[in-house]
Amino acid sequence: MTADPPDPYAELRPHLAATWADRDALVARVAAEVIATVPTYATTPSSEVWIGMTRILEQAASGDPFGAPTAADLDAAAGTGIQGARAGITTPDLVAAVLLGARQVEDEVMARAEAAGVSVEVQLSGARAARRWAEAIAVAAARALQHSAAPSGLDAGADLIFALRARTTTDRLPDLASAAGLDPGAHHFAIVARAPGERDLDDVAAAQLRFAHRGAAWARVDDAVVGVLRDQPGPSGDLVIGTAGPASLSDLGSALTIADRTARAAAALLGPGAYDLDSLGLVLTVHEDRSLRERLDRRWLAPLRCDDRHDLVRTVREWQHSGQVEAVARTLSVHPNTVRNRLARIDALLPDWRAAQAQAEIWAALVADSASES
């Protein structure tokens, strides 16, 4: 019976970490190698191209380049492809640059592993896996570059998004979806991505979110990126992503409206992450109904603020989080008896605050309160 090949990750992981710890030197070596050997990279003035390359290097050196590419790996590759298209990088040069960068990480890791006495078998297994990972990343980057460099494809995607938002009659939608490269008969997810709070989307590190590798149509609409995806997205950097679906083509207009409501509420009250309507609970209602938000604050938080001798609002917040006196005491850096005394004071101010319905309303009030403080 043939033994399973060794899993290189466990033995090579410390050497990956050591490689990325010296990231400045690694990035400098990659830049020098790419500029010396890849023509369009040698002439581009765009710093975005190198930011994108650094993201791929970070995924290679701090992630798991011995397994299948993760969603974060593919997002980094797609962002690099989009930036490359804007800077005029050719597809062959982009592929060459990605493979050169990955090879620099591989060489550094293997040199450290050899010096540490890691077996040749593990090194070979790791090298083969790392090259498969790098090839998949290069393909994803190249696809994103080609997608971004083709104005007709991007225009078709934007046409579909605007038609869906305008609730265009369904007889036009199949042709628009096909022109955008989507299957008109399939179900898709609607997404709206925003920056949290008052931040501008252009200032968010993950604003290159385009999902080009996932079969997407997208458009920039005011202060958001609006799209239709084949797969439900996960969190991406500092973005707040509202999702809805999966929905048929005829229902995607309604799904985009729901995704937008979800993204607006999450951006105002929750912060970065990917959310659907069900995950928001009372947050959506509190966000959209100012009078309810004010009523909940008056009902549950205002009485606690009147007792300025103790931080009762924060005590309730931490109590909801853990439900344990000792855990709350550790978080607040006070004695457990202090927490017990505060809880007794809260009981006196809000006799029914421990009821299930009250807890839900208090949680919503606290979410809104945290957002107003930030």
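Residues are numbered from 1 along each chain as its sequence is written. Because the model is predicted, local features need pLDDT of at least 70 and side-chain atom pairs count only at pLDDT 80 or more, while totals for chains, interfaces and linings use all residues, and side-chain values use heavy atoms, with hydrogens and water left out.

**Stop one: the cavity**

Start by selecting Pro65, Ala102, Val105, Glu106 and Ala130, the lining residues that lie nearest the centre of the largest cavity. A cavity here is a set of points, on a 1 Å grid over the protein atoms alone, where a 1.4 Å probe fits but cannot get out; lining residues have an atom within 4 Å of a point. The volume is about 80 Å³, and 13 residues make up the lining.

Now colour helix H6 (91-115) and helix H7 (120-149), each of which supplies at least two lining residues. Helices are DSSP runs of H or I with at least four residues, and strands are runs of E with at least two. H6 gives the largest share, five residues.

**Stop two: the strands**

Next, select strand S4 (residues 240-247), where six of the eight residues are buried, meaning under 20% relative accessible area with a 1.4 Å probe, protein chains only. Look for Arg194 opposite Val240.

Then show strand S5 (residues 273-275), parallel to S4 and joined to it by three bridges. Here Gly273 is the bridge partner of Val240.

Definitions and conventions:
1 Å grid on protein atoms, 1.4 Å probe; cavity = no way out; pocket = protein on both sides within 12 Å on 5 of 7 lines; lining within 4 Å. Points joined across faces, edges and corners; volume = space filled by probe spheres on them. Buried < 20%, exposed > 50% of the residue type's maximum accessible area, 1.4 Å probe, protein only. Pairing = 2+ DSSP bridges.
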